[in-house]
Amino acid sequence: MYHNIEELLTLAEERQVPLYKIILENEMLLSEKSEEEIYKGLEERYRVMKTSANKALSKPQETVGNLITGLSHKHSEYSNTENTLCGNYLNKVMAFALSCSEVNAAMGKICAAPTAGSCGILPAVILGVSEKFRLERKETLDGILTASGLGAIIMKNATVSGAEGGCQAECGVAAAIAAAAAVEMRKGTPRMAVNACSLALINVMGLVCDPVAGLVQMPCAQRNASQAVNALLSADLALGGMVCPVPADEVVEAMYRIGKQLPSELKETALGGLAATPTAKKLEYEIFH
């Protein structure tokens, strides 16, 4: 049993096993489910993630106000050209993230990991890494298990709610747990995975939640795409040997403290930030009137 990231890391290092092994044992203890039952649940979540990450690539989804309708399809086509700055891989990952956001906004089925507003980040990273390196299904599910374990700790000790902590708590945490998952999927050490988690959260510290017209579309979708890339670059930094001097639990606590300090206008109320711009207000009027 563990209560924070440091305790989880210590257990993994003492036993010389990946983080997901400790997380699996903890989940079996708490849920009273067998390993087979837990992996069956992970398989179902992976199926939902994969479906939502691909659904809007070829067929735009109709959303309220159509603020993000067709973004995934357009970006998927762009990713296959020779003109991209980031290359096919990163752009494909961004398209996956955009697709999940579009499906969510169209009231489709998504896996809220950790939230609906950030639903594209973990699937995009999991699918991106799994497909690029042609991983076995078990390796892919182990990545989701890693992310879920770290996400549960952050939910327990801080927040993943945009209404409570801003978008840093939604898309930021999603990026953090996805970064750790990516490291474990690439056989990095538990400490590398924790470093990746910290680095991704640091990169998005202070991000506000300011949905245009109060809809989970813009800038939510764009942040899903950018934070999927944040997760991958943070994973690479950690795999390359970068160490975060500030312990992961302290990074999480700092994020939580910053979230409390943010004014209510910047926490999902659509009263500040991008949502308060003249154009955003005009869009809101057009959509609802």
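1. What is the volume of the largest cavity? It is about 70 Å³. A cavity here is a set of points, on a 1 Å grid over the protein atoms alone, where a 1.4 Å probe fits but cannot get out. Volume is the space filled by probe spheres set on the points, with grid points joined across faces, edges and corners. The count comes to one cavity of 30 Å³ or more.

2. A word on the basis. This is a predicted model: local features need pLDDT of at least 70, side-chain atom pairs count only at pLDDT 80 or more, and totals for chains, interfaces and linings use all residues. Residues are numbered from 1 along each chain as its sequence is written, and side-chain values use heavy atoms, leaving out hydrogens and water.

3. Now the lining (residues with an atom within 4 Å of a point). Tyr20, Glu139, Asp142, Gly143, Thr146, Glu184, Met185 and Lys187 line the largest cavity. Helix H7 (137-157) and helix H9 (167-185) each give two or more residues to this lining. H7 gives the most, with four residues. Helices are DSSP runs (H or I, at least four residues), numbered from the N terminus.

4. Next, a helix pair. The axes of H1 (residues 5-15) and H2 (residues 19-31) come within 8 Å and cross at roughly 115 degrees. Axes are lines fitted to C-alpha atoms over the stretch in contact, and angles run from 0 to 180 degrees between N-to-C directions. H1 is therefore roughly perpendicular to H2 (65 to 115 degrees).

5. The contact (heavy atoms within 4.5 Å) involves Leu8, Leu9, Leu11, Ala12 and Arg15 of H1 and Leu19, Ile22, Ile23 and Glu25 of H2.

Key
Parallel < 35°, antiparallel > 145°, perpendicular 65-115°, else oblique. 1 Å grid on protein atoms, 1.4 Å probe; cavity = no way out; pocket = protein on both sides within 12 Å on 5 of 7 lines; lining within 4 Å.
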